[in-house]
Amino acid sequence: MSTNRHPEYVTETLFLRQIIEGTVDLYLYEEGNLRRYYFRVDKEKKEPLVYKKYKRDRATVHENNMYKQQLLNALSCEGLSKDVLERLSYNKASLSKFYVRYYQCSGENYVHYDAKISRDLFNFRVRPGLKVSSLSIQNYVLGGEEKQFGTKLNYRLGAELEFVMPFKKGKWALVVEPTYQQYYGEENVDNRNSTAEYKSIELPFGVRHYFFLNDQDRVLLNVSYVIDQSFNSSIKFESSTYLDVLSRNNIAIGAGVLLRNKFMLELKYDSPRHILGGYSYWDSKYSSFSFILGYQLF
């Protein structure tokens with residue numbers, strides 16, 4: 001143990017793990033039992049938070065707690081008393097708690113990455129919504145005339161399971177969302193009526209990326225591969241003939257926000273889906289936009 005009270009620096013290239021991001025950032029360096037903390041103000045150069053034990057004589061150990069003065073200068077708020085700073089310890093839990101208290105006092109936005117990853121590894125949400133869908137079909141043998149069944153507003157109901165990946169500070173997640181959806185449309189040409197009834201269970205498997213606004217609010221982007229299973233669905237013509245619906249899979253993309261780690265708003269687009277997969281000479285295009293409201297149960 002050194003007898004020098006002041007830090008003795010060496011120059012090295014190190015990998016730091018970010019713990020808190022905001023106007024003042026907190027970082028951690030770990031190697032075995034060694035832990036050192038760094039901070040950065042307004043995206044300037046990272047600086048070490050100075051804490052050092054040293055000896056003045058053989059029997060007495062003293063501490064250089066310069067990190068407290070550094071944080072007092074960087075994280076000043078009227079609601080933070082000096083008593084809080086005096087009780088501060090040089091470890092991740094104590095430093096993180098102090099940072100959080102500062103941001104709560106100042107009202108500034110921040111992200112606590114360690115808290116996010118440990119708390120939200122698995123999330124379950126209910127996701128009802130409205131779906132605007134359109135359907136058209138076409139037979140290449142019968143002249144290729146396209147039948148339009150119109151744009152309809154229907155409801156959808158989904159339940160989403162999300163697994164937040166334990167890297168990249170919780171910015172990536174895998175999602176699966178079983179969803180019930182339905183569509184009913186009519187087409188009338190020259191007093192000849194046709195109807196389309198389409199019900200299915202969608203099973204999207206997707207990847208989600210988050211952009212953190214603060215510790216509780218995020219912007220999200222998704223892309224999903226949607227497996228669709230139709231049931232009790234057909235397209236009927238006035239001549240009493242009908243086509244069984246056999247839907248194919250498609251791609252969906254979505255964008256939205258997660259607010260207060262509870263409420264989700266998302267706009268989702270489904271690329272055109274072929275729903276007459278059992279017929280060689282029929283083509284179909286079923287596409288939709290969905291407005292989804294989500295609520296996190298756990």
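Cys105 is partly exposed, because its relative accessible area is 30%, where partly exposed covers the range between buried, under 20%, and exposed, over 50% (1.4 Å probe, protein chains only). This is a predicted model, in which local features need pLDDT of at least 70 and side-chain atom pairs count only at pLDDT 80 or more, while totals for chains, interfaces and linings use all residues. Residues are numbered from 1 along each chain as its sequence is written, and side-chain values use heavy atoms, with hydrogens and water left out.

**The disulfide**

- The model has one disulfide, a term that stands for a pair of cysteine sulfur atoms within 2.5 Å.
- This disulfide joins Cys77 to Cys105, with a distance from S to S of 1.8 Å, and the link is left-handed, with -75° about the S-S bond.
- The pair ties together distant parts of the chain, 28 residues apart, since Cys77 sits in the loop between α1 and α2 whereas Cys105 belongs to helix α3; helices (H or I, at least four residues) and strands (E, at least two) are DSSP runs, numbered from the N terminus.

**Nonpolar cores**

- The largest nonpolar core holds 24 residues, and those with the most contacts inside it are Leu71 and Tyr99; such a core is a set of buried Ala, Val, Leu, Ile, Met, Phe, Trp, Tyr and Cys residues joined through side-chain atoms within 4.5 Å.
- At least two residues of this core come from each of β1 (17–21), β2, β3, α1 (66–74), α2 (82–86) and α3 (92–106), and the largest share, six residues, is supplied by α3.
- Leaving aside residues up to four places away in sequence, Leu71 touches Leu49, Leu85, Leu88, Leu95, Phe98 and Tyr99, where contact means heavy atoms within 4.5 Å.
- There is also a second, separate core of 14 residues, and Ile137, Tyr198, Leu243 and Trp282 are among them.

**The largest pocket**

- The largest pocket has a volume of about 990 Å³; on a 1 Å grid over the protein atoms alone, a pocket is an open set of points with protein on both sides within 12 Å along at least five of seven lines, and a cavity is a set where a 1.4 Å probe fits but cannot get out.
- Its volume is the space filled by probe spheres set on the points, which are joined across faces, edges and corners.
- The pocket is lined by 27 residues, of which Glu8, Tyr9, Arg36, Tyr38 and Pro48 lie nearest its centre; lining residues have an atom within 4 Å of a point.
- Two or more residues of this lining come from each of β2 (24–31), β3 (34–41) and β5 (52–55), with β3 giving the largest share, five residues.
- By class, the lining of the pocket divides into 15 nonpolar, three polar and nine charged residues; Ala, Val, Leu, Ile, Met, Phe, Trp, Tyr, Cys and Pro count as nonpolar, Asp, Glu, Lys and Arg as charged, and the others, Gly among them, as polar.

**The cavity**

- The count of cavities of 30 Å³ or more comes to one, and the largest cavity has a volume of about 100 Å³.
- Fourteen residues line the largest cavity, and Arg127, Glu177, Asn222, Ser224 and Lys268 are those that lie nearest its centre.
- The elements that each contribute two or more residues to this lining are β10 (172–176), β12 (192–212), β13 (218–237), β15 (250–259) and β16 (263–273), and β15 gives the most, with three residues.
- The lining of the largest cavity is made up of five nonpolar, three polar and six charged residues.

**Single residues**

- Lys97 lies in helix α3 and counts as exposed because its relative accessibility is 56%.
- From Lys97 to Leu246 the separation is 149 residues in sequence and 56 Å in space, C-alpha to C-alpha.
- Lys82, in helix α2, also counts as exposed, because its relative accessibility is 62%.
- Although Lys82 and Leu72 are ten residues apart along the chain, their C-alpha atoms are separated by 8.5 Å.
- Asp42 is found in the loop between β3 and β4 (47–48), and it has a positive phi of about 50° although it is not a glycine.
- Lys43 is likewise found in the loop between β3 and β4, where its phi is near 65°, a positive value in a residue other than glycine.
- Lys43 counts as partly exposed because its relative accessibility is 45%.
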